[in-house]
Structure formats: C-alpha cells, structure tokens
Amino acid sequence: MTAAAAGTVLSGCGLSSGSSVPLRVSPGSIQPVPELEGVTITVGSKDFTEQILLGYLAQFALAAAGAEVRDLSNIIGSSSARNALANGQIDVLWEYTGSSWISYNGNTDPIPDPKAQYEAVREQDLQRHGIAWTAINFNVDNTYAFAVNQQNEEQLGVSKLSDIRRVIAERPELATFCVDSEFASRNDGMPGVEQTYGFKADPAKVKTLSSGSIYQATANGTCTFGEVFTTDGRIEALNLTVLEDDKLFFPRYNLGVTVRAETLERYPQIGDVLQQVSSRLDNAELMKLNARVDVYGEDPADAARAWMVEQGLVRMPES
C-alpha cells in the first residue's frame, strides 16, 4: 500500500496521516532523484530519542532527493510502529536486527555473528511479512549493556559482565541493579544474563525504573549496575563505563531501514538515498547525536538537520 492510500485507514488506527517535514532542506551530496520526484513517502519512527532522530534524518534525505515526505514519527511502542509499516500506514522505518529477530519473528536464540543475524532476519521478514531491509549498518549496534560509574568501576575492579558473579560473592551489599520493566523479564534481558553468566541477583537488590532514569541512578550510585543502551549519549555525558559482554550474550541490534517489499521494489532509489545517511553513522556518532537531545536539550528535528548539514548531505534552504 502506498503512503497516499494509507491515509484512508490511519484514522481508524489511532494514527494521523502525518504532517509535512518540520524543517526545510536543500540538496547537498544527496541530489534530486528523478524517480522519487513528487512521490509521497511517509516516514515513521518509534517513540524514543534515537528513533525520532533517525526518522528525521530519513525525512530530510528523502526530501532532498525530491520526494513529498510525510512525518509520522514518535509512534508509541515498537510493535505499533512495526504494525504501521506492515499495514502500509508508513513506508519507511529504521529498525534493529535484534528487535525483528526476537520481538517480531518470535525467535528466542540470538545469532552472535552480525551478518548471519542480518541475513536470517532479512529472509524471515521478507518471507513472513513482506518487509524488506536496506541500508544495513554493521557499525551501529544499539544493544543492551550494563554500565557502572567510575567509583564502582575502580572500587570493585569490574570491566566485564563475568565480574558480576564475583561481586555478588564478595560484596553482596554492592550487587545492586537498575533495570526497566521490559528488560527484567525478557529472554534477552535479566533472566538470560543471569543464566549465561552464572549468577542470581537478590530480588530485593533489583530496582525497576523507567529506562531514562536508570542512567542518573547509575551515575549517582543508587545502583551499581545499570541497564543501558550502547548508543545512548548519557553514557558519555555521565562518565559511565559499559561492561564488556565477554560471553556475547546480548543479541546484535544492528541498524537498517525497513520498507514494505512492494514499495522498495517499485522505488529501489529509497535504499540508495538512505544508504548515504546510514554509511555516516556508527555507535560513537549516534551517541553524540543522541546527546544533543537528551543531554543538551536540542529539539530532535533541529539536531537532525544540523547533523545532516554538518555531514554535507543537505544544505540549509536558501532564503
């Protein structure tokens, strides 16, 4: 279903038909693409900072290429965003391989090798759901991790997840954890970590917090081990240290763009345009971009456009 046709069904699903791109751009290294000129493309995103930023990056790129872009970012809940793509309510959604493998395709065992994980996800999404992947980026892996503050890193001598078992044995009073409610029960979350690394946390020492508040709680020592996402800008801003996943437990959450297969087949240029954005990203770059919003308070659309201009992908519009 095209974006234009999707507008007829959005009203019954709790989503609006989308608004125009919030800020204008002019072509930079991303040049107009004749095949996309005037084509209506609706870009969606999930409802957390990185996804909203990525959504705007895609919007500005496609607008510079000449498409008529509609903004449907900040869809509440990963499943809702995925369903919006599957149902044709949006045309483009940045996604993570681990999310699709586990949450959308129902697999329980992650594949440690990033490329093998991607190939498996790509095949299942195409065959089962009619969803294609493009602009894959193995330099971005926004996976789960545990982080500690500098004091606890030095005091406990921890650098990897295998060290947690020793801390529980030797310093049980400091074996405290902050996690969000989803991580607390997911197979690729706390239960799996405990099984893989051979420890059992004292339930009384596991605090369930909102994901955003975990970073500050870890920084100020409310908990020793805080669940984080590896591309979050608050890791660097709060001087946290991410512990090495030395048994490679956590799934790979490599970044790519998902598009309905029929749409990408009709407009393969979408992938070509967004590859130009994807190729400029890695974990460090995303951490800095996320920090512009979460740490320094920039508006996501402003931060995304500024980054695109800095990269030379687009230019500021002429007045």
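**Exercise 1. Describe the span of residues 40-308 and its annotation.**

Solution. The end C-alpha atoms of residues 40-308 are 21 Å apart, and the span is 47% helix and 19% strand. Helices (H or I, at least four residues) and strands (E, at least two) are DSSP runs, numbered from the N terminus. The UniProt record, an unreviewed entry, lists residues 40-308 as "domain: ABC-type glycine betaine transport system substrate-binding"; such annotations may be inferred rather than shown by experiment.

The model is predicted: local features need pLDDT of at least 70, side-chain atom pairs count only at pLDDT 80 or more, and totals for chains, interfaces and linings use all residues. Residues are numbered from 1 along each chain as its sequence is written, and side-chain values use heavy atoms, without hydrogens and water.

**Exercise 2. Characterise the packing of helix 4 against helix 5.**

Solution. Step 1: the axes (lines fitted to C-alpha atoms over the stretch in contact, with angles from 0 to 180 degrees between N-to-C directions) of helix 4 (residues 97-104) and helix 5 (residues 114-129) come within 9 Å and cross at roughly 50°.

Step 1: contacts (heavy atoms within 4.5 Å) join Thr 97, Ser 100, Trp 101 and Tyr 104 of helix 4 to residues of helix 5 including Tyr 118, Val 121 and His 129.

**Exercise 3. Classify the aromatic pair of Phe 146 and Phe 177.**

Solution. Ring centres of Phe, Tyr and Trp (its six-membered ring) must lie within 6.5 Å; the count comes to 13 aromatic pairs. Phe 146 and Phe 177 lie 5.9 Å centre to centre with 75° between the planes, an edge-to-face pair (planes over 60 degrees apart; under 30 is stacked, the rest tilted). Phe 146 belongs to strand 7 (residues 144-148) and Phe 177 to strand 8 (residues 177-179), 31 residues apart.
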